[in-house]
Each structure stands twice: as structure tokens, then as C-alpha cells.
Amino acid sequence: MLNNIKSDAQTRMTKSVDALKHELTRLRTGRASTALVDHLKVNYYGSDVPISQVANIAVADARSLTITPWEKPMVPAVEKAIIAANLGFTPTTAGTVIRINIPALTQERRKELSKHVSHEGENAKIAIRNVRRDALHQVKELLKDKKITEDEERRAEDDMQKLTDKFVKDVDGVVKAKEDELMAM
């Protein structure tokens, strides 16, 4: 019973850290990455589909992306989706190839992004603490139903705290790495 609670909590905490990493890949760090536009939706014959399903996205060099729609009529739709997303860059079209030049980040923008990274990290820590709270609640329920002893409850609480500390440390590491990446450019 206690092992199930612990493994469930560990799985949920891992998902929180993974969600943070996924969220931070979307942040622009001054370097071109396909993740910058992966989440965009394009109107494709009346339905919104991910941009990766209507075009090929490639990193041309450190500061530019190329997007090549598979159908010529999709060029304006993809261009419109990029502009509507308000990502801070303007696409330029040459025939069927859309090129996005990624400007260097200003120091002010880096600080804003750094604050955003810290905020996302704090949200991940809150999610991890909520998982701990849920797990401890389940342990207390087992104690109340007399399915475990008080010693087992205390040991489970200590294990949950160690697990929480480990994952909070992981979140801090991910946030620190992203902030260093932002400030290094």
C-alpha cells in the first residue's frame, strides 16, 4: 500500500518536472529551435492543425528557421498563424519557403524571460508540493483505518519529504540551466 502511494507520487512529481521542461523549450533564447513554432495551429481547410502537419520546419542556422509548407496555398495560412502568435518575429516569404530570422534578445527582454522562467519553476514546485500533500493525506487515511502503524506513517512522511526535496532540487536545476542559457546569449 505505502509503496503504491510512493510510486504514484514519484510518477506525478516526474510528470511535473517534465511539464516544466516542455514549457521552457518554447521560450525563445536567441537561438533558433523548431520548438519555437511547434505549438502553432494553422487553419487547414477549415480545421486547426499543428504546423508540423502542414509544413516542414528546419533550423537553417543559429538565428533562422525555414518553414516549407507541403502545399503552395498553405503559405499565406502558415504566415498568418506565425504573425497571429505574436512571437516577436516577422516571417519573410520567398516563393514557397517561409524564413524566420530570430533577432538577438535585449538585456531587458532577457530579464523578463528570466522572471517568467522563475515563475514557471515556482508553479512546478507548487505542483510537486500538492502531490506530496495528496500522498500524505492517503497515508493518514491508512493510519485512521488502522491499516498501518504510526511508525510506518512517520517513515512514509519522511520518505515523501525526501522525495519532494529531490524533485524540488531537480526543478531548481532546470530553472537555473534555463536562466544561464538566457543570460549567456
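I count a contact when heavy atoms lie within 4.5 Å. With that, I looked at contacts in the protein chain between residues at least 6 apart in sequence: 66% of them join residues at least 24 apart.

A note on sources. This is a predicted model, so I take local features only at pLDDT of at least 70 and side-chain atom pairs only at pLDDT 80 or more, while totals for chains, interfaces and linings use all residues. Residues are numbered from 1 along each chain as its sequence is written, and side-chain values use heavy atoms, with hydrogens and water left out.

**Overall fold**

I found five helices and six strands in the protein chain. These are DSSP runs, numbered from the N terminus: helices are H or I of at least four residues, strands are E of at least two. The order from the N terminus is α-α-β-β-β-β-α-β-β-α-α. The radius of gyration is 22 Å, well over the 16 Å that the globule rule gives for 185 residues, so the chain is more spread out than a compact globule. That radius is taken over C-alpha atoms, and the rule is 2.2 Å times the number of residues to the power 0.38. Along the principal axes, the C-alpha atoms fill a box of roughly 70 × 40 × 20 Å.

I then checked burial. Buried means under 20% relative accessible area, exposed over 50%, and partly exposed in between (1.4 Å probe, protein chains only). Of the 185 residues, 36% count as buried.

**Helix 3**

Which residues are buried in helix 3 (residues 74-84)? I listed Met74, Val75, Val78, Ala81 and Ile82. They sit on the same side of helix 3, because they cover an arc of only 130 degrees around the axis. The arc is that of the directions from the helix axis to the C-beta atoms. I looked up what covers these buried residues: the cover includes strand 1 (41-44), strand 4 (64-69), strand 5 (91-94) and strand 6 (97-101). On the face turned away from the buried side I found the exposed residues Pro76, Lys80, Ile83 and Ala84. Asn86 follows helix 3 and has a positive phi, near 55 degrees.

**Salt bridges**

The structure holds 11 salt bridges.

Arg12 and Asp8 form one of them, at 3.9 Å from N to O. The two are four residues apart in helix 1 (residues 2-25), about one helical turn. Arg12 is partly exposed at 32%, and Asp8 is partly exposed at 34%. A network of salt bridges links Asp8, Arg12, Arg133 and Asp134.

Asp170 and Lys166 meet at 3.6 Å, N to O. They are four residues apart in helix 5, again about one helical turn. Asp170 is partly exposed at 31%, as is Lys166 at 42%.

Glu122 and Arg129 pair with their closest N and O atoms 3.7 Å apart.

**Lys178**

Lys178 lies in helix 5 (residues 150-184). Is it buried or exposed? Lys178 is buried, yet has no salt bridge. The nearest side chain of opposite charge is Glu181, 4.0 Å away. For charge, I count Lys and Arg as positive and Asp and Glu as negative, leaving out His and the chain ends. A polar atom of the Lys178 side chain lies 2.9 Å from the backbone oxygen of Leu24.

Technical notes:
Polar contact = N/O pair within 3.5 Å; in protein donor to acceptor, adjacent residues only side chain to side chain.
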